[in-house]
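Hi,

Here is the structure I promised to pass on.

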Amino acid sequence: IAITDHGNMFGAIEFYRKAQEAGVKPIIGCEVYVAPGSRHDKSGAASSGEASGHLILRCKNQIGYRNLCRLISTAYQEGFYYKPRIDWGLLAEHNDGLIALTSCLGGEIPTLIGQGRMEQARKRVAEMSRVFDRDRLYLELQENFLAEQTVVNKGLIELNRELGLPLVATNDCHYLRREDAFAHEVLLCIQTGKTLDDPSRMRFANNEFFVKRPAEMAELFRDVPEALASTVAIAERCN
């Protein structure tokens, strides 16, 4: 199991120890915020979404762990604007030992696909793959039963066929079981200072953001079994 909290590694040590105690292989990572340009540019963004996009990084080895720690520290010290942000200049210097995934709908590539900008998505993902030596960047498919996710998945599969970059099937996990969705909703209210009867509060579109079982994943991604195989391949590469 992997931990990829947003913009921080605060839970990594406890997670690592608990997973080992339970006999489960722990994979340390982070869902980092990446500035669209320089991390030092802190102007002009009307929202967090404009100020940064998401990218999943997972540690292959001790070198990757050290690089990820450096990236996150620099994100807070130098790149903080709405969120702790890195940029591609930093990634070019400190990517060794890291495996990257294109992330959820908040990632740069999914965002471009969702906006219908396939040519730009094609160009950017090719540039990103070169930073990660082509074999350390995966196109990340998810299935949350959202219309926009269906569009993005179709675009990612198209990029896979055109560019030969590997697919991987993941979950956008925010709670363990489907029935935990309400508790998560309450937690979001506490985090954002809202109440459950506030119509403008931050909320998730449905209750699909849980850790799905292997059989569920096999059914959801039956048309792209290679994406499921990649989850095992990545796990085997991360030590």
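First, the ground rules. This is a predicted model, so local features are given only at pLDDT of at least 70 and side-chain atom pairs only at pLDDT 80 or more, while totals for chains, interfaces and linings use all residues. Residues are numbered from 1 along each chain as its sequence is written, and side-chain values use heavy atoms, with hydrogens and water left out.

**Aromatic rings**

A pair of aromatic rings is described by the distance of the centres and the angle of the planes. Rings of Phe, Tyr and Trp (for Trp, its six-membered ring) pair if their centres lie within 6.5 Å; planes under 30 degrees apart count as stacked, over 60 as edge-to-face and the rest as tilted. On that basis the structure holds 5 aromatic pairs. One of them is Phe10 with Tyr76: the ring centres are 6.3 Å apart and the planes at 40°, so this pair is tilted.

Where do Phe10 and Tyr76 lie? Phe10 is in the loop between β1 (2-3) and α1 (12-21), and Tyr76 is in helix α3 (residues 62-77), so the pair ties together parts that are 66 residues apart in sequence. For the element names, helices (H or I, at least four residues) and strands (E, at least two) are DSSP runs, numbered from the N terminus.

As for accessibility, buried means under 20% relative accessible area, exposed over 50%, and partly exposed in between (1.4 Å probe, protein chains only). Phe10 is exposed at 67%, and Tyr76 is partly exposed at 35%.

Tyr81 and Tyr82 make another pair, with ring centres 4.9 Å apart and planes at 65°, so this one is edge-to-face. Tyr81 counts as buried, at 16% relative accessibility, while Tyr82 is partly exposed at 40%. There is also an aromatic cluster, formed by Phe10, Tyr76 and Phe80.

**Charges over rings**

A charge sits over a ring if NZ of Lys or CZ of Arg is within 6 Å of the ring centre and within 35 degrees of the ring normal. Which residue has its charged end over the ring of Trp88? That is Arg124, at 5.4 Å from the ring centre. Lys212 lies over the face of Phe210, 4.6 Å from the centre of the ring.

**A helix crossing**

Helix α6 (residues 118-131) and helix α7 (residues 147-163) have axes that come within 11 Å and cross at roughly 55°. That makes α6 oblique to α7. The axes are lines fitted to C-alpha atoms, for helices over the stretch in contact, and angles run from 0 to 180 degrees between N-to-C directions. Angles under 35 degrees count as roughly parallel, over 145 as roughly antiparallel, 65 to 115 as roughly perpendicular and the rest as oblique.

On the α6 side, Met118, Arg122 and Val125 meet Gly155, Glu158, Leu159, Glu162 and Leu163 in α7; contact here means heavy atoms within 4.5 Å.

**Loop residues with positive phi**

Arg134 is not a glycine, yet has a positive phi of about 65°. Arg134 lies in the loop between α6 and β6 (137-141) and is partly exposed, at 44% relative accessibility. Phe145, in the loop between β6 and α7, is a residue other than glycine with a positive phi too, near 60°.

**A few single residues**

Ala19 sits in helix α1 and is buried at 7%. Leaving aside neighbours within four places in sequence, Ala19 is in contact with Val24 and Pro26. Arg17, also in helix α1, is exposed at 54%.

Arg178 is in the loop between β7 (167-169) and α8, partly exposed at 33%. Not counting residues up to four places away in sequence, Arg178 touches Asn207, Glu208 and Phe210. Phe182, in helix α8 (residues 181-192), is exposed at 52%. Phe182 and Asn207 are 25 residues apart in sequence, and their C-alpha atoms are 8.3 Å apart in space.

Cheers
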